[in-house]
Amino acid sequence: MNIKEIAQAINDGSVSLAIELGSTRIKAVLITSDFKTIASGSYQWENQFENEVWTYNLDQVWEGIRDSYKQLSAEVESKYHTNLTKIDNVGISAMMHGYLAFSKEDELLVPFRTWRNNITGPATDQLTELFNFNVPQRWCIAHLYQAILNQEEHVDKISFLTTLSGYVHWQLTGEKVLGIGDASGAFPIDETKGDYDETFMKKFSQLDEVQQYSWETREIFPKVLKAGEDAGRLSEAGAKLLDPLGHLQSGSRMAPPEGDAGTGMIATNSIRKRTGNISVGTSAFAMVVLDKPLQKVHREIDIVTTPAGTNVAMVHADNCSSDIDAWAQIFQQFAERLGIQLSPEQLYETLFLDASKADPDAGGLFNYSYLSGEVITEVDDGRPMFVRTINSNFNLPNFIQTQLYGAFAPLAIGMDTLTEDEQIKLDVMIAHGGLFKTPVIAQQVLANALNTPISVMETAGEGGSWGMAVLAAYMAKSLEMSLEDFLDQEVFAAPETMTLNPEPAGVQGYADYLAQYQAALPAERIAGEKLIERKRS
């Protein structure tokens, strides 16, 4: 579309809006019917560690959404000389899992407990044994049961329990629903029925600790919807939450709210069986769409679903790029002291390109990028930690290399379970996320780490927000074709993709690195136990 055609589409409301609440950024994206991004806006935010819990303030949720939408609207006006007043389709996505519990008066009962909290160990152990199905610490049901085991006073008052995307969607529409992908991180899903597993729901409800409460488990969880199903309309109150100036009209079709894992699958066209993708950000997760059940229960592997409801094996690492970002800020500050101003793109490209000169094993340098605990490596309480051997080759290329190596290490360890224990074979994995905005470097490291070809699409930097916009656009086509066909035939008919194969020297170098990394994990665990967090002014 040219500028005139885009302006006409905006005037007609023939556009789709998505807002994704990621762990470090809230992003709004507007696309046209040809799935091209025509405007965007973003808001940086960070979780807080308060009272031993990782959380976000819900006031900041709305501040970020409003600010992102305001930037997007301003870009529309600036580039296309028209105002954004009508939107055909709207979709909300967010980081999955966690715990948002509300009373019958719609009061938030405890601060939002995010996916990053590893505080539900006893609950997950008991539920996994009860269901013979892995229940990760991040899941809503795990947080609920742990609150019950802790005898927390608020549990008796619960009327509604949801995820972050479900909460925002509820406020915009009045509908208490979840897309099936996000719902699969709330409570286990029965793939054949496309709903919560009734057998597991009954087992949970019959637990003695649960029976003391007046609420019914099924009634406090959101309704489950598949991609394309009716999730309500943007209300007048919801339109004002997005646009307090009142220009945006109500009535937009709302897509089922989804989690960032599901939108990542959409952004990489990885929802057909035997396809896979990797999403890299504050956390990292690999998704493999299953064509058969796993042979046994693995605590390192979650079973979730695509937005269309197909089972997916998910390897979720709680930590990935946060420590890279922290070290990058040190280099940014040093550059500023020298009077050099670098954009984020220049900073990361400069640092990452230096890693191309590194030793295959990172020269005896090791980085544990654990801003929080890590289930895969059995670290309860993380502390970012950099160490090196006495005779290490301590230089900048190896330092950047170990940042990338350490970021992918938990994911690589978890993926071994799928490829070795379950003998799942993958021809290629499609990756996306901010680390891949700098071409080649992080992509090659990941290919070597997993010993698997890694493809990156031109949309790699767009990530889940664009994927959610595509899901919103699917609302207009859902009666005509399946989501899989929609992606293949309309969205990704001619994708631009670059694939890198593993390099033998890099594969061996990473294997050597990972062996020593795992051998020294006890030091990381001790650091978490002995280095006590103190509040800083």
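Two strands are said to pair if DSSP finds at least two bridges between them, and helices (H or I, at least four residues) and strands (E, at least two) are DSSP runs numbered from the N terminus. All views show a predicted model, in which local features need pLDDT of at least 70 and side-chain atom pairs count only at pLDDT 80 or more, while totals for chains, interfaces and linings use all residues. Residues are numbered from 1 along each chain as its sequence is written, and side-chain values use heavy atoms, with hydrogens and water left out.

**View 1. Parallel pairing of S15 with S21.** Strand S15 (residues 276-280) and strand S21 (residues 429-433) are joined by four bridges in the parallel sense, and Asn277 stands opposite Ile430 in S21.

**View 2. The open sheet of seven strands.** The strands follow the order S17-S18-S16-S15-S21-S22-S23 with mixed pairing. Neighbouring strands are turned by 30° against each other on average, direction ignored.

**View 3. Strand S16 and its antiparallel partners.** A hairpin of three residues leads from S15 to S16; these two strands pair in the antiparallel sense over five bridges, and Val280 stands opposite Ala284 in S16. S16 and S18 also run antiparallel, joined by six bridges, with Met287 opposite Met314 in S18. In a regular strand the side chains alternate between the two faces of the sheet. In S16, Ala284, Ala286 and Val288 point one way and Phe285, Met287 and Val289 the other way, and all are buried, that is, under 20% relative accessible area with a 1.4 Å probe and protein chains only.

**View 4. Helices lying across the sheet.** Helix H11 (residues 260-267) lies across S15, strand S16 (284-289), S17, strand S18 (311-317), S21 and strand S22 (454-457), and runs at about 65° to S16. Helix H15 (residues 441-450) lies across S15, S21, S22 and S23, running at about 150° to S22. Axes are lines fitted to C-alpha atoms, for helices over the stretch in contact, and angles run from 0 to 180 degrees between N-to-C directions; contact means heavy atoms within 4.5 Å.

**View 5. Packing of H16 against H17.** Helix H16 (residues 464-474) and helix H17 (residues 483-491) pack at an angle of about 110°, their axes lying 11 Å apart. The contact involves Trp466, Val470, Leu471, Ala473 and Tyr474 of H16 together with Leu483, Phe486, Leu487 and Val491 of H17.

Technical notes. Buried means under 20% relative accessible area, exposed over 50%, partly exposed in between (1.4 Å probe, protein chains only).
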